[in-house]
Amino acid sequence: MSKVVVFDHPLIQHKLAIMRDKNTGVKEFRELLEEISMLMIYEVTRGLETEEVEVETPICKCTCRKLAGRKLAVVPILRAGLGMVDGVLNMIPAAKVGHIGLYRDPQTLEPVEYYCKLPADSSDRDLIIVDPMLATGGSASAAIGFLKQRGCRHIKMINLIAAPEGVARIQKEHPDVDIYVAGLDDHLNDHGYIVPGLGDAGDRLFGTK
Ligand code: PRP
Ligand code: URA
């Protein structure tokens, strides 16, 4: 079964508390999402392979370590996942970016696909899906499915907030995909919103409501 890692780091929890506040405006919300994404990717990439390299400093030669192994791509689920991309790229500037366009039908809560464009060599890369909200898990499960259809096998997911329902769905349908979250919340309400959550992440990020 996939693992679920909840980041209890004080900086992440502090920033998340401000994001949850309904009085936090678009600018601050956007900045905090980028900052938390940066802090989360730092931990998510802890297990990356490194290799020894020789470097000549102004003083002498020495042995250092640099990244080795598979290259990375970050895959935001549109729209709200876009708010996490720059945080990841700040830490891993050479990562490629794929986009998966999905929105959740407000009546059925089922994901509707409208866009998918991935790096040509995605199946050779470590892929990190980013989306602030994991609610029913429908969007995330569909996104992971698209990646797997295209031969991708090394997939992780970063969410800001997850509901237990969404976590359970991913663990059942994609047990190979580890999930990293800043907050694991209580439940979904009748409209499929995470409780307590932060409301509609896309609207808060882009100011569309
Ligand atoms: C939100 C969120 C996730 C999805 C989560 O996107 O960013 O993609 O809902 O819900 P689920 O786990 O029940 O599928 P939304 O569909 O609101 O689209 P948007 O980002 O374009 O606003
Ligand atoms: N999508 C959101 O943006 N928020 C939720 O709480 C659930 C799905």
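A polar contact is a pair of N or O atoms within 3.5 Å; within protein, one atom must be able to donate a hydrogen and the other to accept it, and residues adjacent in sequence count only if both atoms are side-chain atoms. One such contact joins the side chains of Asp186 and His187, at 2.8 Å.

The structure is a predicted model, in which local features need pLDDT of at least 70 and side-chain atom pairs count only at pLDDT 80 or more, while totals for chains, interfaces and linings use all residues. Residues are numbered from 1 along each chain as its sequence is written, chains are lettered from A and ligands numbered from 1 in the order in which they are written, and side-chain values use heavy atoms, with hydrogens and water left out.

## The chain as a whole

The chain contains 6 helices and 13 strands. Helices (H or I, at least four residues) and strands (E, at least two) are DSSP runs, numbered from the N terminus. The radius of gyration of the chain is 18 Å, close to the 17 Å that the globule rule gives for 209 residues, so the chain is as compact as a globular protein of that length. This radius is taken over C-alpha atoms, and the globule rule is 2.2 Å times the number of residues to the power 0.38. Along the principal axes, the C-alpha atoms fill a box of roughly 65 × 40 × 30 Å.

Of the 209 residues in the chain, 45% are buried. Buried means under 20% relative accessible area, exposed means over 50%, and partly exposed lies in between (1.4 Å probe, protein chains only). The chain exposes about 11000 Å², of which carbon and sulfur atoms supply 52%; accessible areas come from the Shrake-Rupley method with a 1.4 Å probe, and for residues only the protein chains shown count as cover.

Contact means heavy atoms within 4.5 Å. Among the contacts in the chain with a separation of 6 or more, 63% are between residues 24 or more positions apart. The chain has 25 positive and 29 negative charges, and their mean positions are 3 Å apart. Lys and Arg count as positive and Asp and Glu as negative, whereas His and the chain ends are not counted; the place of a charge is taken as NZ of Lys, CZ of Arg, CG of Asp or CD of Glu.

## Backbone features

Two peptide bonds are described here. The bond from Leu78 to Arg79 is cis, with omega near -5°, and Arg79 is found in the loop between strand E4 (72–78) and helix H3 (82–91). The bond from Val195 to Pro196 is also cis, with omega near 5°, and Pro196 is placed in the loop between strand E13 (194–195) and helix H6 (201–206). Leu109, in the loop between strand E6 (99–104) and strand E7 (111–117), has phi near 65°, a positive value in a residue other than glycine.

## Selected residues

| Pair | Separation in sequence | C-alpha distance |
|---|---|---|
| Asp186 and Ala162 | 24 residues | 8.9 Å |
| Leu82 and Val44 | 38 residues | 18 Å |
| Ala135 and Ile194 | 59 residues | 6.0 Å |
| Ala94 and Thr208 | 114 residues | 31 Å |

Ala135 is found in the loop between E9 and H4, and Thr136 lies in the loop between strand E9 (133–134) and helix H4 (138–149). Ala135 counts as buried because its relative accessibility is 14%; Thr136 counts as buried at 18%. Beyond neighbours within four places in sequence, Ala135 is in contact with Arg104, Ala163, Glu165, Gly166, Leu188, Gly192 and Ile194. A polar atom of the Thr136 side chain lies 3.1 Å from the backbone nitrogen of Gly138.

Asp186 lies in the loop between strand E11 (178–184) and strand E12 (187–188). Asp186 is exposed because its relative accessible area is 54%. Not counting residues up to four places away in sequence, Asp186 touches Pro164, Val195 and Pro196.

Leu82 is found in helix H3 and, at 36% relative accessibility, counts as partly exposed. Leu82 touches Pro76, Ile77, His99 and Phe206, residues up to four places away in sequence not being counted. Ala94 is placed in the loop between H3 and strand E5 (96–97), and is exposed, with a relative accessible area of 70%.
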